[in-house]
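Please read it with the structure open.

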Amino acid sequence: MKAAFVALVGRPSSGKSTLLNRVCGGKVSIVSPVPQTTRNRIRGIHNGPPGQLVFVDTPGFHSSERKMNLRLRELAISTLRESELVLYLVDVTRPPGEEERALISSLRQTEDRLVVGLNKIDVQPNHRALAEKELAAAFRAPRLFPLSARSGEGLEALLAALWQLAPEGDPMYPPEYYTDQTPEFRIAEIVREKAMRDLREEVPHALYVHIEDLEMRHENTELWARGFIFVERDSQKGILVGRGGERIRATVRDAEAELGELFPYAVKLDLRVKVRPKWRHDEALLSRLIR
Ligand SMILES: Nc1nc2c(ncn2[C@@H]2O[C@H](COP(=O)(O)OP(=O)(O)OP(=O)(O)O)[C@@H](O)[C@H]2O)c(=O)[nH]1
Ligand SMILES: [Mg+2]
């Protein structure tokens with residue numbers, strides 16, 4: 001049997017979480033068009049005839065010196081170091097720029113255990129040729145796989161390459177698992193995904209979700225969750241709550257619907273929006289949130 005941790009790395013919005021969800025056969029990691037959506041190492045488990053691959057989603061690699069971005073980058077780098085294999089995802093709809101080059105150069109030393117996915121080939125025209133040229137110049141013999149995480153095209157070949165590189169080992173999780181996240185975390189993430197929808201500029205980055213408590217009700221058929229969506233300013237709170245509370249009600253409704261599909265029971269949310277000024281500068285909070 002084979003077993004490996006596969007670090008999923010790439011620039012923000014390259015499609016890492018989309019790919020993770022597809023290979024795990026279930027929603028494990030939230031997805032949005034906003035860069036830097038993922039803030040944690042999110043493990044998703046893929047079982048196949050050769051054994052088990054545990055994909056570890058990471059925050060998009062972004063060259064910024066802001067406190068929160070530094071934390072996100074550190075998390076991605078430490079995941080790289082601790083995984084047997086590395087899956088680097090390039091978004092071919094964007095021409096490779098400075099940030100892509102910086103990432104490529106830090107991945108050079110991982111070449112022996114590196115597989116590269118050229119993602120979003122469903123979008124035409126694209127910069128695939130440019131990306132291939134960049135990669136060919138940086139690596140001796142890069143293992144390149146054009147694919148679409150959205151449609152699944154090209155995924156089989158990429159998985160085969162990962163299996164080939166994976167070392168012998170026993171599975172790390174029981175075969176029925178596809179993620180190891182706690183219910184609190186999954187609920188907080190789905191709420192964050194719904195709350196982020198259609199938000200622009202700073203607002204999606206200025207929110208985080210905290211689930212305060214959980215309680216099973218009605219003979220384990222309903223999980224009740226109470227929590228908060230934190231933002232940095234009153235104006236952001238106004239946006240999230242919406243006119244007459246319309247937006248927060250829609251967030252609750254859509255999160256409850258999706259959570260009801262993910263869990264074997266109904267989920268009822270009691271959510272409030274709260275202001276916590278400058279939370280992104282609070283080191284202790286960042287340590288709890290980003291890990
Ligand atoms: N057309 C197309 N869009 C894709 C594909 N894969 C992902 N996307 C879209 O790209 C956007 C970002 O996807 P995510 O999976 O959240 O990207 P990510 O790399 O996890 O982003 P961060 O967590 O912010 O680093 C979303 O709008 C996805 O729907 C693909 O294969 N084709
Ligand atoms: Mg992500």
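This is a predicted model: local features need pLDDT of at least 70, side-chain atom pairs count only at pLDDT 80 or more; totals for chains, interfaces and linings use all residues.

1. Metal site. Which residues coordinate the magnesium ion (ligand 2)? They are Ser17, through OG, and Thr38, through OG1. The distances are 1.9 to 2.1 Å. Ser17 sits in helix 1 (residues 16-24), while Thr38 sits in the loop between helix 1 and strand 2 (42-48), so the pair ties together parts that are 21 residues apart in sequence. Ser17 is buried, at 8% relative accessibility. Thr38 is buried as well, with a relative accessible area of 6%. Both values fall under 20%, the cut-off for buried.

2. Two pairings to look at. As background, strands of a sheet pair through backbone hydrogen bonds, in either a parallel or an antiparallel way. Strand 2 and strand 3 (residues 51-57) are antiparallel, with seven bridges. A hairpin of two residues joins them. Gly48 has Gly51 of strand 3 as its bridge partner. Strand 4 and strand 5, by contrast, are parallel, with six bridges. There, Leu87 has Val115 of strand 5 as its bridge partner.

3. Which residues of helix 4 (residues 128-138) are buried? They are Ala131, Leu135 and Ala138. These residues cover an arc of only 65 degrees around the axis, so they lie on the same side of helix 4. Their cover includes strand 4 (85-91), helix 3 (98-107), strand 5 (114-119) and strand 6 (144-146). Ala129, Lys133 and Ala137 are exposed on the other side of helix 4.

4. Aromatic pairs. The whole structure holds five aromatic pairs. One of them is worth a look. The ring centres of Tyr208 and Trp279 are 4.7 Å apart and the planes stand at 65 degrees, so this pair is edge-to-face. The pair links distant parts of the chain, 71 residues apart. Tyr208 belongs to strand 7 (residues 208-217), and Trp279 to the loop between strand 9 (266-275) and helix 9 (283-289). Are the two partners buried or exposed? Tyr208 is buried, with a relative accessible area of 4%. Trp279 is buried too, with a relative accessible area of 1%. Ring pairs also link Tyr208, Phe228, Phe230 and Trp279 into a cluster.

5. A glutamate to check. Glu258 lies in helix 8 (residues 246-262). At 19% relative accessibility, Glu258 counts as buried, because buried means under 20%. What does Glu258 touch, not counting residues up to four places away in sequence? The contacts are Lys27, Ile190, Glu193 and Lys194.

How values were computed. Residues are numbered from 1 along each chain as its sequence is written. Chains are lettered from A and ligands numbered from 1 in the order in which they are written. Side-chain values use heavy atoms; hydrogens and water are left out. Donors are N, O and S atoms within 2.8 Å of the metal (3.2 Å for Na, K and Ca); water is not among the atoms, so sites may look incomplete. Helices (H or I, at least four residues) and strands (E, at least two) are DSSP runs, numbered from the N terminus. Buried means under 20% relative accessible area, exposed over 50%, partly exposed in between (1.4 Å probe, protein chains only). The arc is that of the directions from the helix axis to the C-beta atoms. Contact means heavy atoms within 4.5 Å. Two strands pair if DSSP finds at least two bridges between them. Rings of Phe, Tyr and Trp (its six-membered ring) pair if their centres lie within 6.5 Å; planes under 30 degrees apart count as stacked, over 60 as edge-to-face and the rest as tilted.
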